[in-house]
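Reader: I am new to this structure. Please take me through one part of it closely.

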Amino acid sequence: EFRRVLFRSLINSAPSLASLIFGLPLGMFSDRLGRKTSILLGIIVSSIAMAVQITANIPALILGMGLLTGAANMLFIVSQAPLLMKLSSKDDRLLLFSLNAGFQTLAGAVGNLFAGQLPGFFGGVLHVNANSASAYQAVLLFTVAIGTLSLIPMFMVQEPRTSEEKADEKPRAKFGREVIRITLRLSTPM
């Protein structure tokens, strides 16, 4: 029983661990790839990884998909604010970031309220108990599918590329390599 609890704890912490480890490198990757493309990639990889994690029965695969989900979510997170800055002017930036935070909070509250009713719905559809693993698996797969729909408006976003970005790529890459070197040196045992 202890091993099962330990494994569940490891699965729950895997996305956070991946976010911590890969946050800085993914930020630099987002600089090179572009914010919109990074967000799209983050959503796609995260959705696939979560769907595999939800349906898999192999412990190592479940853990690996948890790590991949965390990394993909971090790619989305490190790309979101810079894209919002690129798409806004100084005058409307405060409003845009405020609306973004407000809508995320609202979506979380409404989503949790709605999702709380879904096990009963899927239990009825699948003819299983609402508290069964099958009902919750269906709920999680449904929420992944709904989240994946966010790709549609993201494909419509036009990411501007400024001349400053083009001129600034080489110094930024050198700075990024230096930050990685220092981070690795400080985080590894001597």
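What volume does the largest pocket have?

Author: This is a predicted model, where local features need pLDDT of at least 70, side-chain atom pairs count only at pLDDT 80 or more, and totals for chains, interfaces and linings use all residues. Residues are numbered from 1 along each chain as its sequence is written, and side-chain values use heavy atoms, without hydrogens and water.

The largest pocket has a volume of about 1,700 Å³. On a 1 Å grid over the protein atoms alone, a pocket is an open set of points where a 1.4 Å probe fits, with protein on both sides within 12 Å along at least five of seven lines; lining residues have an atom within 4 Å of a point. The volume is the space filled by probe spheres set on the points, which are joined across faces, edges and corners.

Of the 46 lining residues, Thr143, Ile146, Gly147, Thr148 and Ser150 are the closest to the centre. Helices H2 (35-55), H3 (59-86), H4 (90-115), H6 (133-148) and H7 (151-156) each give two or more residues to the lining. Helices here are DSSP runs (H or I, at least four residues), numbered from the N terminus. The largest share, 11 residues, comes from H4.

By class, the lining has 26 nonpolar, 20 polar and no charged residues. Nonpolar covers Ala, Val, Leu, Ile, Met, Phe, Trp, Tyr, Cys and Pro; charged covers Asp, Glu, Lys and Arg; the others, Gly among them, are polar.

Now H2. Its buried residues (under 20% relative accessible area, 1.4 Å probe, protein chains only) include Ile39, Leu40 and Ile43. The buried residues of H2 pack against H1 (2-33), H3, H6 and H7.

Methods:
Buried < 20%, exposed > 50% of the residue type's maximum accessible area, 1.4 Å probe, protein only. Contact = heavy atoms within 4.5 Å.
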